[in-house]
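Reader: I'm new to this structure and would like a close look at one part of it. Could you pick out the nonpolar core and walk me through what surrounds it?

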Amino acid sequence: MAQNHWLSTGNFFTSYKQEQRNFLTHLDTSIFTFFLILLFAWPLFFDLGNKMMFVVDNLMIAIVAVMGLNLVTGFAGLISIGHAAFVGIGAYTVASFCRTLGTSHELITHFWPLVIVISGLVGAGFGAFVGLPAFRLKHLYLAIATLSFQMIFQWVINFMTFFNQGQTIFVGRVSWVTGRVGRNDHYEFWYYVILVVVVLLGFGIRNLLKTKYGRCLIAVRDNDRAADAMGMHPGLTKVYAFALAGFFAGVAGALHAYVYRGVGFESFTLHESVSYLAMAIVGGLGTLNGSFWGPVAIKFLDLQVETLSEVAGQYLPAGMNLATALKPFTFGLVIVLFLMFEPRGIANWWRIVKSYTKLWPFRY
Amino acid sequence: MVYFCQIMVSGIVVGSIYALAALGLVLIYKSSRVANFAHGQIIAAGAFITYFLTVDLGLPIFFSFLASMVITFFLAMSVERIFLRRLIGEPIISVIMVTIGLSSIIDGLIYLTPFGTENYSFPAFLPTTPLTVYGVSISWTQLLGVIITFILIGAFSWFFKKSTVGISMRAVSDDQFGSMSVGISVPRVFGLAWATAGLSAAAAGCIIGNITGLNFDTLHAFGIVVFPVVILGGLDSILGAVVAGIIMGLIQQFASGYLDGNWGLSGTGEVAPYIILVIILFFKPHGLFGVHEIERV
């Protein structure tokens, strides 16, 4: 029987190698290529303006960070309430280069990919260090260890004059092969950079989960004692999960520093950590596409609440800021409702749609 | 020496408040294994309810103190009933995230009221001149706070040692299936644990509010800073919460009293509990009085 390469009605793998492929059918490949081309091409046809492009950049950075959080919390099952601090580590790595070498040193403006990778590695180092208690502890204790890392990070940034005591540290404009990236191209340029990073890291995660190291994470999440008995080292695996999450966060932080062209303390607070967690949960923990849905949903909600409170604010007495009240309220409500009614997140809807269309129109 | 004693006294004052605030957290963790990240918001809510009853409705302050404890009792109970009851048996991350979500919801609700942004203080009902013994001074509000704290902690320990409900709560924390088989309603105990935690949180909120003034940021920050306290004491020990609360208060006050201003340091009092926390997690993760759980596959 000739196999249908476009639509598969079931799994016909005859070897592991077939199962390990990235795209199972031609349809998958073409859908992916279509979306990739769409994502790369749309800025050429629509000019959103700097303000909206900035929002999109922000969203993509959140996606990078949430991919890391999803690795540690979703796949390895370790709760991290300090993810924004890891992002901050990445951003402040760039900032400390700027402080020591000057804002427009060649390293920062010309070799920025290198700086981004270095920030990721520094983030990974801190992640591994914070994960060290994982050798002896689990669950809540680890969550509180990350929480304390967050608090210590905030204090250190606010206290040290080297970090300008939390005030903005400027980062210079970068150069590309076409020359210096100017004010008008800035956000569009970084959109492409972040898109490339997201695609690379997305494939990285997808392939990681097919290897021994990725499966190790999931085994430790499901039952670390059993994983121990199977010959894995749960402690090391957890530390390595934290290091990976730290790497993603560090990269996100460096991108954040470059896009904002400055590093300030207020982007890395406990509140941000919680909202990264919320994004991961709303998107769907332990799924790769959840890392894309979650940030989109939460950022979209944020924007909607902002416009809503602007509209409603006209009918309210002056001086009352509805956004400060409505933002945390809707944010909390969304988290709680998702956990109560759809704990597997938006990724689950995607899964349902996919499994519906897979057998359509020949269902049972 | 006077300086030392002064710091000691303020450390005990702060520490006893920590103990009271940590008590609620331990109660919930002990019975239902839930770490409540909304505790600070409940503390703030209790304090604001007391202020509302005293100032806006003109009730006597001690009466409104008791009334706000009763209100938060039922408030926390309904929070458990509505949000947490469905999540029994869900993975720990869901439960933790629900409490974080709850804290965000209560944040939003408080920001809707004027309490979210402005500072208030309770009407003074005690002499304002501090009590001074050998040069060490303690204000009457602080003294009253410490006294009420110790009365409440005494009442709670009596409740857990002697009363039937308290004993059934301890039974549930020890073995849920065992206590079910002797006729204890486990969900009811969970509700009660939240309710008593809410009650102690309201008391803590009023005492803090009376000493430092009512500011939402300071009040809900207590919900985070009690985590180092409960970890130091051991997450499931009430005695641990009290001892660790006082130790943490002393550490914090000594840190800010002796380290701030030297070597260019500042704000060490805020970060000291977390540094202690990291050290504890590395060397004695189950705290001073906590129980090391034995796990089997």
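Author: Let's start with a term: a nonpolar core here is a set of buried Ala, Val, Leu, Ile, Met, Phe, Trp, Tyr and Cys residues joined through C-beta atoms within 7 Å. Buried, in turn, means that 20 or more other C-beta atoms lie within 10 Å of a residue's own. Keep in mind that this is a predicted model.

The largest core has 203 residues, and the members that touch the most others are A:V64, A:A65, A:F248, A:L255 and B:A22. The helix α11(A) gives this core its largest share, 17 residues.

Take A:A65 as a way in. Setting aside neighbours within four places in sequence, A:A65 is in contact with A:H83, A:V87, A:F248, A:A249, A:A252 and A:Y276. From first C-alpha to last, α12(A) reaches 20 Å, close to the 20 Å expected at 1.5 Å a residue.

For the complex, the predictor gives an ipTM of 0.85 and a pTM of 0.88.

What about chain B itself? Chain B has 11 helices and two strands, and along the sequence they run α-α-α-α-β-β-α-α-α-α-α-α-α. Its C-alpha trace spans about 60 × 50 × 35 Å along the principal axes. A compact globule of 297 residues would have a radius of gyration near 19 Å, and chain B agrees with its 19 Å. Of those 297 residues, 52% count as buried. Among contacts in chain B with a separation of 6 or more, 74% join residues 24 or more positions apart. The mean pLDDT of chain B is 83, with 98% of its residues at 70 or more.

Back in chain A, two arginines are worth a stop. A:R261 is in the loop between α11 (234-260) and β4 (262-263). A:R261 has a positive phi of about 55°, although it is not a glycine. With 16 other C-beta atoms within 10 Å, A:R261 counts as partly exposed. The other arginine, A:R351, is in helix α15 (residues 346-359) of chain A. A:R351 is partly exposed too, with 16 other C-beta atoms within 10 Å. A:R351 and A:N289 are 62 residues apart in sequence, yet their C-alpha atoms are 9.9 Å apart in space.

How values were computed:
Residues numbered from 1 in each chain as written. Chains lettered and ligands numbered in written order. Predicted model: local features only at pLDDT ≥ 70, side-chain atom pairs only at ≥ 80, totals over all residues. Helix = DSSP H or I, 4+ residues; strand = E, 2+ residues; numbered from the N terminus. Rg over C-alpha atoms; globule rule 2.2 N^0.38 Å. Buried ≥ 20, exposed ≤ 12 C-beta atoms within 10 Å, placed from the backbone. Contact = placed C-beta atoms within 7 Å. pLDDT = per-residue confidence, 0-100. Expected span 1.5 Å × (residues − 1).
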